[in-house]
Amino acid sequence: QGLLVTPSKKITDYQPLKFKITTEPVLKGTAYSKVINKTWVDMRKNEVLGASALLEIERDWKWILIIEQDKHEVLEPVYNLRIFSMAIGLIIALLVIAIALLTARSIAEPIRKVTEAADKISKGVSWAKIDIASLPSTSANGKDEVGNLANSFNRMVDKRRDIENELKVARARIGEEKTKCETVLASIGDG
């Protein structure tokens, strides 16, 4: 008959066997002896998640056991977890972006300094060197590729300067020898 036997938190003026229930699980259970495990609309027109079971105590004496809870109440922890997960994901994404930018900067800055020094040398500034102290700590110690590159570059600049100095000395010697030879040749010619 679809009458409510036990109290419900949804009905304030409960009286046993006085309140008729016309929700989907009651109608299908009484008419078709069908059990339901899904969502439906309750007496207050709220969407609920629930399950029903058909209990046949005696022939033609059917009881329908219904358990239901507001869908919002059931899914609220899931919605909260989803919002929390998205917030954590956003924070992690921002941290990854920040770390990536810092890493890229720590790699690009020393390479930029090497490029600037090479550009100065190409314009004739033979003393241009890389200030290794201004590089990140591992690079300054030569413990990574950029530090090794900076050290190699500075050694190359020093070697080039040494070669230029040797060339100046050699030119000076050649000039002296040329002057001596010219003096000797001039004295032979006079003599």
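This is a predicted model: local features need pLDDT of at least 70, side-chain atom pairs count only at pLDDT 80 or more; totals for chains, interfaces and linings use all residues.
## Overall fold

The protein contains four helices and three strands.

Of the 191 residues in the protein, 18% are buried. The accessible surface amounts to about 14,500 Å², and carbon and sulfur atoms account for 61% of that area. Taking contacts between residues at least 6 apart in sequence, 33% link residues at least 24 apart.

## S52 in strand β2

Strand β2 spans residues 47–58 and includes S52. The relative accessible area of S52 is 9%; because this is under 20%, S52 is classed as buried.

Leaving aside residues up to four places away in sequence, S52 is in contact with P25, K34, V35, I36, N37, I64, L65 and I66. One of these, N37, is also a residue of strand β1, which covers 37–41.

## D42 in the β1–β2 loop

D42 sits in the loop that connects β1 (37–41) to β2. Despite its place in a loop, D42 is buried, its relative accessible area being 3%. The same cut-off applies here: D42 counts as buried because 3% is under 20%.

The side chain of D42 comes to 2.8 Å from the backbone nitrogen of N46. D42 can also be placed relative to D70: the two are 28 residues apart in sequence, and their C-alpha atoms lie 8.7 Å apart in space.

Technical notes:
Residues are numbered from 1 along each chain as its sequence is written. Side-chain values use heavy atoms; hydrogens and water are left out. Helices (H or I, at least four residues) and strands (E, at least two) are DSSP runs, numbered from the N terminus. Buried means under 20% relative accessible area, exposed over 50%, partly exposed in between (1.4 Å probe, protein chains only). Contact means heavy atoms within 4.5 Å. Accessible areas come from the Shrake-Rupley method with a 1.4 Å probe; for residues, only the protein chains shown count as cover. A polar contact is a pair of N or O atoms within 3.5 Å; within protein, one must be able to donate a hydrogen and the other to accept it, and residues adjacent in sequence count only if both atoms are side-chain atoms.
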